[in-house]
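Subject: Structure for you to look at

Hello,

Here is the structure I said I would pass on. Please open it next to this email and look up each residue as you read.

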Amino acid sequence: MAHSFPEEVLEHVFSFIDSDKDRNAVSLVCKSWYEIERWCRRKIFIGNCYAVTPRIMIRRFPELRSVSLKGKPHFADFDLVPEGWGGYVDPWVSAMGRAYPLLEELRLKRMVVSDDTLEMVSKSFKNFKVLVLSSCEGFTTDGLASIAANCRNLRELDLRESDVEDLGGNWLSCFPESCTSLVSLNISCLGSEWSLRNLSALERLVGRSPNLRRLRMNRAVPLDKLANLLRRAPYLVELGTGAFSSELHPDVFSNLSGAFSGCKELRALSGFWDVVPAYLPAVYTICSGLTSLNLSYAAVQSSDLVKLITQCQNLQRLWVLDYIEDSGLEALAESCKNLQELRVFPSDPFAAEPNVTLTEQGLVAVSEGCPKLESVLYFCRQFTNDALFTIAKNRPSLTRFRLCIIEPRTPDYITLEPLDAGFGAIVQNCKELRRLSLSGLLTDRVFEHIGTHAKKLEMLSIAFAGDGDLGLHHVLSGCESLRKLEIRDCPFGDKALLANAAKLETMRSLWMSSCSVSFEACKLLGQKMPRLNVEVIDERGPPDSRPESCPVNTVYIYRSIAGPRLDMPAFVWTMDEELALRLS
Amino acid sequence: TLAQLSHVCSYKETEELRQRKSQANGKILRMSSESDNSSMNFDETALTLGLPGKSRPSVGEKSGVKRGFSKMVDLNLHQKQSNDQENDGSQVEVAEPANSPASKAQIAGWPPVRTFRKNTVKSCKYVKVAVDGAPYLRKVDLDLYTSYQQLLISLESMFSCFTIRNCMNDGNLMDLVKGTEYVPTYEDKDGDWMLVGDVPWKMFVESCKRIRLMKRSEALGLGNIQNSCYNSKDTSIVIKHK
């Protein structure tokens, strides 16, 4: 049967198969399918850049057009991964520059990118189209200038949440006048001070990009320029404004309002820094078409937020600050019946006392009123088991649930009990739950619930929870689909880790910081499991300068076919077999 | 004016600082809050740049920029929270000026809110601090402080081999500390370089764009240095070169 179709036909059939999982399955059917598939795979996603090497990737897939890479572990977002840890993309770009001259897309997350690398990208790939740098760092506006100047057919430049050093030049003017291919531009992470030259370069760029559909600007773009920009790009589907403040002037308002009503395709709005509430009504005309609204920088009162949100009946995604308060969330629950995702961020995370009335009530209201709700991120200061029971009962369709009660180890504020039962109800009822973040006072019981019920859980984040090793053991032994586990400040130690060593090879990674894992256990794990990289991060100096039983600061374990990495800084030690031999 | 000066420097602290300075004989001081004066411990080592530990990673430009004062407080407390029993002797004491918001206990990386969110919502006035001759920059959040003294204490904790001294036109203290005297200066909104301490604190916070610890020899070019009412109660920073 394997010979009944010529290769070209199989290749043609495979070209309709897009998902990575399906492609992987195809490649396992037989040797010839493996061969055909690898030559025609065009897209690859590598969730951990240290799990594989550029050479291995290139050897297997010689004709890639699109590469996605992730570097640092998730906790790097909260400054738990020290500067210099790694995640450098340069070796990848060097290798791809030689192997994939036809590369079109590069998507990076939490990686270190240098200006030199960006220049290399801009010069190595003649047909380069898409550059997405998500939460990356290490580059400046000079690097962006190379991209702008050299990528003739650039369609997408997305710098979402990256840390870019602004050298004050005018990199936007480096886009040649002949560049008219832009479809998506996201520079919202850039600074808040721009010269007039930058602004006019942006206006000209927007003016000559007829295909521009997504434009997210930075805080520096003032409100009085927005109307002009909108008129040049009336087909925008996604807009991120700059600062949304200006001296109150009827002309500015009517101009802006008119410009917005001309943008009939707008579906997503974001930005809204420095909002002057009086200008919010300028967007009312397009509210009914909005599916996504990001107000998480808008420091305005609940009543102003509500006036805006209640006009967006088709809203599917809302990101907002806790200024919305319980009352605002109740209004949301009434108006937005298509809501799928809600994120409520804290306006003052370090205030000892709550500065707003945002409690468990708000989330309960949304869980009651929004039948399509599936994704939640909620920062608040109090919760109860009862509220969690209610949410679980109302919304068994939840797939992502992240609750952050700001003060660690906060119990149910009414019963003063741990929140074990409440989270237990979540995992028991929400059978499709893929992502979960826990908070509040939690014992090992919650992990027993999770291990028993959370069979589809892929990512779990734990902080300041549990009593001992049993908790970790429940999770590692019970959660069949677990891929990423990140733990901080929990009394989990060696026993559970070593007993479930084999499980770790089925996961992408495990992060444990400020727990009770000893150096000895790390060494043992590194020795026993050659396909795991066991890395100790400790700023107190070499782990063998302390007793073996001493807990390490952080251990980061990930599966890899690349062997131990060679680019570790002085504060990271790999627990591979050689090390064990060297130290014994 | 006198009122301005007492706003800027506390006389009592000045006297004590001088005494400590002569006692310490050039050692790096731990700046403690007033209530802690009696338990001043010269043996406690000071202030490292970012994270506690003997084998520090090489601090590149970027890492210096990333870690501000409050980060150091975070990390110090974070260390205390961890379970390890060991006292490796390289505890970091970070200066915590009294009444500073940074002195409120904060856990590193908690709550899990990304830095750019924290910066954009709460008013944050991060400015870069450069030291002539030093290879890296640091950042301070001016909103964390309520006085020049607090700021200068924090700057001290940021760069190694720092000593703050308040001198009254004396030469003998210069001999004690064999180093180059630095004067804290800042660039204001108009792009002019001014001496730190010339204007009321709030006005300074409002107008400061970046801070530079300038070698005294270069700072003489700044006209203000002679005329500043600040001069008679000069606050300068001395950096010892290794």
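Below is what was found in it, starting with confidence and ending with single residues.

Confidence

Please keep in mind that this is a predicted model. For the complex, the predictor gives an ipTM of 0.90 and a pTM of 0.77. Chain B has an average pLDDT of 54, and 31% of its residues score at least 70. Within chain B, the element with the highest mean pLDDT is helix H8 (residues 201-207), at 90. The lowest mean, 32, belongs to helix H4 (residues 69-81) of chain B. Residues 20-105 of chain B stay under 50 in pLDDT, and the model has 178 contacts beyond four places in sequence for them. Another stretch of chain B, residues 160-178, is also below 50, with 57 contacts in the model beyond near neighbours in sequence.

Chain B as a whole

Chain B contains 10 helices and 7 strands. Of its 242 residues, 52% are buried. Among the contacts in chain B with a separation of 6 or more, 66% join residues 24 or more positions apart.

One peptide bond in chain B deserves a look. Most peptide bonds are trans. The bond from B:Trp110 to B:Pro111 is cis, with omega near -5°. B:Pro111 sits in the loop between H4 and helix H5 (115-121) of chain B.

Nonpolar cores

The largest nonpolar core has 181 residues. A:Leu293, A:Leu318, A:Phe401, A:Ile450 and A:Leu485 have the most contacts inside it. To see one of these in place, select A:Phe401. Leaving out residues up to four places away in sequence, A:Phe401 touches A:Leu363, A:Val376, A:Leu388, A:Ile391, A:Phe423, A:Ile426, A:Leu433, A:Arg435, A:Leu436 and A:Ser437. Another core, of 21 residues, lies apart from the largest one and includes B:Val129, B:Val196, B:Val199 and B:Phe204.

Helices in chain A

Two packed helices are described by the angle between their axes and the distance between the axes. Helix H6 (residues 115-124) and helix H7 (residues 141-150) of chain A pack at an angle of about 5°, and their axes are 8 Å apart. H6(A) and H7(A) are therefore roughly parallel to each other. On the H6(A) side, the contact is made by A:Asp115, A:Leu118, A:Glu119, A:Val121, A:Ser122 and A:Lys123. On the H7(A) side, the contact is made by A:Asp142, A:Gly143, A:Leu144, A:Ser146, A:Ile147 and A:Asn150. The residues of this contact divide into 4 nonpolar, 4 polar and 4 charged.

Helix H3 (residues 31-40) of chain A has A:Ile36, A:Glu37, A:Arg38 and A:Cys40 as its buried residues. These buried residues of H3(A) pack against helix H1 (7-14), helix H2 (20-27) and helix H4 (54-60) of chain A.

Two residues with positive phi

Most residues other than glycine have a negative phi. A:Arg110 is not a glycine, but has a positive phi of about 50°. A:Arg110 is placed in the loop between strand E3 (105-109) and H6 of chain A. Is A:Arg110 buried or exposed? Its relative accessibility is 9%, so A:Arg110 counts as buried, the cut-off being under 20%.

A:Glu161, also a residue other than glycine, has a positive phi near 55°. A:Glu161 belongs to the loop between strand E6 (156-158) and strand E7 (163-165) of chain A. With 32% relative accessibility, A:Glu161 counts as partly exposed.

A:Ser302 is part of helix H11 (residues 302-309) of chain A. At 10% relative accessibility, A:Ser302 counts as buried. Apart from its neighbours within four places in sequence, A:Ser302 is in contact with A:Tyr323, A:Ile324, A:Glu325, A:Ser327 and A:Gly328.

A:Leu358 is in the loop between strand E14 (341-345) and helix H13 (360-369) of chain A. A:Leu358 is buried, since its relative accessible area is 6%. Which residues does A:Leu358 touch, not counting residues up to four places away in sequence? They are A:Asp322, A:Ile324, A:Glu325, A:Asp326, A:Leu329, A:Val344, A:Tyr378, A:Phe379, A:Cys380 and A:Arg381. A:Ala499 is 141 residues from A:Leu358 along the chain, and the C-alpha atoms of the two are separated by 42 Å.

Regards

Methods:
Residues are numbered from 1 along each chain as its sequence is written. Chains are lettered from A and ligands numbered from 1 in the order in which they are written. This is a predicted model: local features need pLDDT of at least 70, side-chain atom pairs count only at pLDDT 80 or more; totals for chains, interfaces and linings use all residues. Side-chain values use heavy atoms; hydrogens and water are left out. Axes are lines fitted to C-alpha atoms, for helices over the stretch in contact, and angles run from 0 to 180 degrees between N-to-C directions. Helices (H or I, at least four residues) and strands (E, at least two) are DSSP runs, numbered from the N terminus. Angles under 35 degrees count as roughly parallel, over 145 as roughly antiparallel, 65 to 115 as roughly perpendicular and the rest as oblique. Contact means heavy atoms within 4.5 Å. Ala, Val, Leu, Ile, Met, Phe, Trp, Tyr, Cys and Pro count as nonpolar, Asp, Glu, Lys and Arg as charged, and the others, Gly among them, as polar. Buried means under 20% relative accessible area, exposed over 50%, partly exposed in between (1.4 Å probe, protein chains only). pLDDT is the predictor's confidence in each residue, from 0 to 100. A nonpolar core is a set of buried Ala, Val, Leu, Ile, Met, Phe, Trp, Tyr and Cys residues joined through side-chain atoms within 4.5 Å.
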